[in-house]
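Okay, thanks for making time, everyone.

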Amino acid sequence: MARLILPTTRVGISELYIKVLAKHSFDGAGSILLPFFVEDEIVIGDITTANNAANAAYVIFDAKQKASEMMYNDIINDFDAIVADHKMCVQAAKAFYRKNPSKLGAFGVTVNGNRVVYSKHRKTLCDDMMNFINHNASLAVALRPITAAFQTTNKMDLAANLAALPGIKTAIDVYDQELIDKETSHGTYSVEEKTVIDFLRATGHFLMEQFPLNPKKAGDWSFVVDDSPQDAKEKIKNFKKGQIANLYNIVADSILQNTGDSIQEITKGKAGTGTPIVLNPGDHWQVLPGYTTSKAKSRGILLTGQITYLKNNS
């Protein structure tokens, strides 16, 4: 049975819908889709409205996603450096108070048995770090576990860290709100997009059934159809951020699709030779005979990847 390949990106889905609609409009009263739409109670105006709404919501989502990624990078660069200083100081203080570790409580440090427990919530950890610096500074110089010499030796400036932490806390609040706004817009466009995807899937399969001897005829409406021999199983390979993996027993001449968020690079064989075939999210590629074993690289350390392909059962 032939396989319908649908786009996986908002742009790709919208472009395919517009092309299908253009073909249907061009065919006019003779459109093969007219009786199908009537029977399936499909109102093209409603699909167009959903597609436009999905596009509008995606613009907001995309902007929020890019903004949140930039904010995250800015926050983490500063935050992680201060956390590294903090952990170094805590361990030094723990050694200083080795006979009475309960004194670490006055610094805002939580100790469970002999293990220091750091908060997993960034804003709470910011408060903990400020408490530590302030309490250390409140002690007489001769009684401070973290001395000026310690800071100099370990290339840290606790006063500067203390001054930076309130701003980091505020940035975290802004970042958290950006994530909320991003998820809200994502929810809106996902709901509207599902309407368009359901329409495309139903229409594509209808057209393929109209041309059982040549299902690729659906390509006249801009659908992509994989009619390679189906003695195989569809395989989905998920990638961690930046992961490289080998794909085995791929069906030659079948269609491999990047169904994830990251850019994928495909090279030949286990060794990954030759010029990489670059697939952006949503792109598809007809597998060449020499690529039935391939190496795939998911580009980008912040994005997860996914490849969908046909794998021989043998």
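So, which residues form one aromatic cluster here? That would be Y17, F36, F37, F199 and F206. Keep in mind that this is a predicted model.

Staying with aromatics: the structure has 13 aromatic pairs in it. Take Y97 and F107, whose rings are tilted, at 5.8 Å centre to centre with 55° between the planes. Both Y97 and F107 sit in the loop between α3 (44–96) and β2 (110–112), ten residues apart. Y97 counts as buried because its relative accessible area is 12%, and F107 is buried too, at 1%. Then there's W285 with Y291: the planes are at 85° and the centres 5.2 Å apart, so that pair is edge-to-face. W285 comes out buried at 13% relative accessibility, and Y291 is buried at 10%.

Rings also show up with charges. The charged end of K87 sits over the ring of Y118, 5.1 Å from the ring centre. K237 does something along those lines with F239, lying over its face at 5.9 Å from the ring centre.

Okay, now the serine. Where is S228 placed? Look in the loop between β4 (224–226) and β5 (232–239). And is S228 buried or exposed? Buried, because its relative accessible area is 7%, and the cut-off for buried is under 20%. Its side chain makes a polar contact with the side chain of D226, at 2.8 Å. If you skip neighbours within four places in sequence, S228 is in contact with V251, D253, S254 and L310.

Terms used. Residues numbered from 1 in each chain as written. Predicted model: local features only at pLDDT ≥ 70, side-chain atom pairs only at ≥ 80, totals over all residues. Heavy atoms only, no water. Helix = DSSP H or I, 4+ residues; strand = E, 2+ residues; numbered from the N terminus. Buried < 20%, exposed > 50% of the residue type's maximum accessible area, 1.4 Å probe, protein only. Polar contact = N/O pair within 3.5 Å; in protein donor to acceptor, adjacent residues only side chain to side chain. Contact = heavy atoms within 4.5 Å. Phe/Tyr/Trp six-rings, centres within 6.5 Å; stacked < 30°, edge-to-face > 60°. Lys NZ or Arg CZ within 6 Å of the ring centre and 35° of its normal.
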